[in-house]
Amino acid sequence: MTDTRTLRQGTPRAFTARKIRRGRKALAGYMFVAPFMIVFLAMFALPLLYAAYFSLFREQLVGGNVFVGLENYTRAFGDEQLWTGIARVCLFFLIQVPIMLVAALAFALALDTGLTRLKRTTRLGIFVPYAVPGVIATLMWGFLYGPDFGPFAQLAEAVGLSAPDFLSKHLMLGSLANIVFWEFTGYNMVILYAALRSVSTDIYEAAAVDGAGQWRIAWSIKIPALKGALAVCMIFSIIGSLQLFNEPQLMQSLAPTVIDEAYTPNLYAYNLAFVGQEYNYAAAVSFVLGLVILAGSYAFMFATDRRSRR
Amino acid sequence: MHPRFSRRSGLAAALAGPLALAACGRHTVDPPANVTQAQIDEAMDKPTELNFWTWVPGIEKEVELFHQAYPKVKVDVVNAGQGNPHYAKLRTALRAGNGAPDIAQLEYQMIQSFVITDDLLDLAPYGAKDIGDQFVEFAWSQVSGANGEVWAIPQDTGPMGMLYREDIFQAHGIDVPATWDDFAAAAAALRAADPEVYLTNFAPSQGAFFAAMLWQAGADPFGGSEGPDLNVDLTSPEAEKVARYWGDLSEQDLIAVDADFNDQWYQALNKGKYATWVAPAWAPTFLQSAAASTSGLWRVAPLPQWEAGQQVSSNWGGSTSAVMATTRNPIAAAVFAQFINTDPKSTATMANEQFLYPPAKAILDDPAFTGQQLEFYGGQEVNGLFAQIGESVHPDFQWAPFQDKVYADFTATVGTAVAEKTDAVAAMEAWQQRTEEYAKYQGFTVRRP
C-alpha cells in the first residue's frame with residue numbers, strides 16, 4: 001500500500017503536506033459529486049426513507065394516527081386488487097416488450113446497414129414519437145380509438161365494416177400496449193443504434209472478406225454485440241411496464257368502467273392516496289411494487305448473467 | 001458498528017426528524033367566539049397577502065373589486081387544477097403544513113370531507129352567521145354545520161333541469177317528457193324512430209349526476225350523520241327506484257352509456273347523438289361552447305318528475321369559497337370569501353360574465369339576470385326558468401365526509417352495472433358495502449338505517 005510506505009519513509013513534514021494535499025483532493029472530489037448527492041439525498045433518499053417510515057402507520061379520518069408495524073404490508077400482500085394489477089402489467093410486459101424490442105432492433109439494424117437512403121430522416125421519424133410528451137400521445141390515441149367518431153371507426157364505417165371497440169374490456173390492454181409501442185420504439189432504437197455505431201468496422205470488413213453477407217453479419221456479429229444494450233433496454237422496459245401510469249390514467253376518462261381504480265399498481269397507489277386518503281397504505285403498496293420491480297430486474301440480470309457465463 | 005454507517009444514519013435521522021414533525025404539528029386558527037367590527041377594520045387596514053386557489057376563469061375581475069374595496073390586502077389567484085387534481089394538491093399542502101392557500105374553491109360535496117380533517121375555518125364568528133338569508137336555502141344548508149358553523153360561502157349552484165333538442169323532438173313528434181314515465185316512453189319512441197339517436201346519455205362515472213337523481217327521488221343516503229357517526233343508506237326504496245329506472249333503460253338499450261366530459265362526448269353532443277342532457281343550471285353556458293355547432297336547436301325544460309303534477313328538483317355541482325384553518329390571516333381571508341360572494345357588483349359579475357349560476361337571492365330576483373334571452377336556446381329565458389326550478393330544490397341532502405371515494409365506488413359498482421347492462425339494483429348493495437367497509441376502515445361508526 002502506497003500510503004503506509006510513505007508514512008514509514010517520509011519525514012513528518014512531508015507526511016502532513018501529503019495529508020493536506022490528499023484532504024484537498026478528497027474535498028475536491030466531494031465538491032464534484034455534491035450537486036448530485038444533495039439532490040439525490042433531498043429528492044430521492046430522504047422521501048424514500050420518509051415513505052418507509054410513513055408506511056408503518058395508519059392514519060384514519062376519525063381516530064388519528066397509530067403505529068401499526070407491518071400491518072399495511074400484510075394487507076398489501078393479501079390485497080387482490082393490487083395483485084390483479086401486478087398480474088395485468090406483467091401480461092402487458094410479456095405482450096408489449098418483445099414486440100417493441102424486436103421492432104427497435106430491426107430498425108437499428110436496418111439503419112446501420114446503410115441500406116436506407118434517407119437515413120437521417122428515417123431515424124428522426126422513428127424517434128419523434130418519443131419526443132411527444134406521453135400525455136399528448138395518449139390524448140391523440142384516445143381520439144383515434146374513439147368508438148363513434150374516431151378516424152378508425154369512421155373509416156371502417158365508410159367501407160361498411162364495424163371497427164373493433166379499442167376501448168372495451170378485451171382490447172384495452174392491447175390499445176395501451178400500442179400507445180407505449182408508438183412512444184418507446186424510437187427510444188429503444190436509438191440506444192441500440194448507438195451501441196451498433198461503437199462496433200469497430202474492422203470486424204465487418206474481416207467478415208466481408210470471409211464471405212459473410214449482411215444477414216450473416218447482423219446475426220453473428222451485430223446482435224451478439226448488442227447484448228449489453230439490449231439488456232439495458234430490457235431493464236428499462238421492466239421498470240416502465242410495471243410502473244405504467246400515465247396512459248391508463250388518461251384513458252380512464254374515456255373508459256371509466258374498463259380502467260378501474262386499481263387497473264395498474266401505480267394507479268392504485270395514486271387513487272388510494274388521493275381519492276381514499278389512505279396515504280400510509282399507499283406508501284406500503286408503492287414499496288411492494290418497488291420490491292416486485294427489484295425482484296423482476298434482478299431475476300432478469302441473474303438469468304442473463306448466468307447464460308453469458310456459460 | 002462501523003463508524004461511517006452510524007454517522008450516515010444519524011444524519012438521515014436528523015434530517016427526517018423535522019420532516020416528520022412538520023407533518024404532524026401544523027399551525028391552525030382557533031376561531032374566537034366573536035370578531036368585532038373594530039378587529040375586522042384593523043385587520044383590513046394592515047398590508048396582507050392572501051392566496052386563493054380557484055379554477056374559475058376570469059375571477060380576477062371579482063378580485064379586482066375586492067382590491068378596490070380593501071387596497072391594503074393583496075390576493076394572489078392560483079389555478080391549481082379543476083376538481084380532483086385541485087383537491088389532491090390542496091390535501092397534500094394541508095397535510096404538509098405549508099403551501100396551502102388561505103382561501104380555496106370547494107364544491108359543496110367536498111366540504112364535509114375537509115371538515116372531518118379539521119381543515120376548514122368556521123366563518124360564523126367572522127360575520128358569516130348573519131348573511132345566510134342572502135342565499136337560497138338549499139345552498140346555505142349545504143355550507144352550514146350542525147352546530148351553527150359556516151364552513152364556506154356559496155359561490156354558485158346547479159339546480160337540475162333538462163336540456164333538450166327541440167328539432168329532434170319535433171321531427172319525431174315526441175312531446176317534452178314531464179315525468180320519468182314519459183321520459184322512458186319517449187326514449188323507446190325515439191329509439192324506434194331513429195336508431196342513430198338516444199334520448200339521453202347516462203355517464204357511468206358521473207356519480208354527481210346520480211347523486212342528483214337520488215336527491216330528487218327523496219333518498220338521503222348520508223342524512224343524519226354527524227362527525228364520526230355515519231349513516232349509510234344506499235339501498236333505501238327511493239335509491240333502488242332510481243337504480244332500477246336507469247338500469248332498465250340501459251338494459252333495453254334505450255339510452256347511451258358513454259363516459260362524459262371527453263372529446264367523444266363533445267362530438268356526440270355536436271352531432272346529435274343525444275336528444276337531451278339532464279343537467280343543471282351551469283350546463284346551458286357550458287353547452288354553448290361545447291356544442292357550438294348546435295346553436296338555436298336546444299331548449300330547457302324542468303326536470304322530469306316521479307309523480308305527475310309535482311315539482312321537485314335537486315342540485316348538481318356548484319362551488320363555494322372556504323377558508324383554510326391553516327391561514328395566518330383569518331379575518332382578511334374570511335372577509336374576502338364573503339366579499340366576492342355577497343358584494344352586489346361581484347355577484348353580478350360572476351353571474352353575467354363568468355356565467356356561474358348564482359345562489360344569491362338578489363341576483364335570482366333581478367330581471368336583468370332572469371330575463372336574459374339566450375340565442376343558443378332560441379331566445380328562451382333560461383336563467384329565469386332555473387331560478388324557478390331552484391325554489392323546488394329540497395334543502396335536506398347530506399354529503400359523505402369522503403364523497404370523492406363514494407363517487408369512485410359508484411363508478412366501480414352501479415355505474416359499471418348500468419354500462420354493462422347487469423343488475424343495477426344489486427350493484428347498489430355492492431356500493432353500500434364498499435362504502436361501509438371503507439368508512440369502518442377510516443374509523444367511522446357506521447349505521448345502516
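User: Which residues touch the most other members of the largest nonpolar core?

Analyst: A nonpolar core is a set of buried Ala, Val, Leu, Ile, Met, Phe, Trp, Tyr and Cys residues joined through side-chain atoms within 4.5 Å; buried means under 20% relative accessible area, with a 1.4 Å probe and protein chains only. In this predicted model, the largest such core has 154 residues, and B:Leu163, B:Phe210 and B:Trp246 touch the most other members. Domain 1 (29-154 + 319-355) and domain 2 (160-316 + 383-447) of chain B both contribute residues, so the core lies between them; the domain bounds come from an automatic or database domain assignment.

Residues are numbered from 1 along each chain as its sequence is written, and chains are lettered from A, and ligands numbered from 1, in the order in which they are written. Local features need pLDDT of at least 70, side-chain atom pairs count only at pLDDT 80 or more, totals for chains, interfaces and linings use all residues, and side-chain values use heavy atoms, leaving out hydrogens and water.

User: How is the size of an interface given?

Analyst: It is often given as the accessible area lost when the parts come together. Here the area is computed with a 1.4 Å probe and summed over both parts. Between chain B and chain A about 3100 Å² is buried, 57% of it from carbon and sulfur atoms. In chain B, B:Arg95, B:Gln264 and B:Tyr441 lose the most area to chain A, together 22% of what that side buries.

User: How many salt bridges are there between chain B and chain A?

Analyst: A salt bridge places a side-chain nitrogen of Lys or Arg within 4 Å of a carboxyl oxygen of Asp or Glu. The count between these chains is five. B:Arg434 and A:Glu261 form a salt bridge through their side chains, at 3.4 Å from N to O.

Key: Buried means under 20% relative accessible area, exposed over 50%, partly exposed in between (1.4 Å probe, protein chains only). Buried area is the accessible area (1.4 Å probe) that two parts lose on being put together, summed over both.
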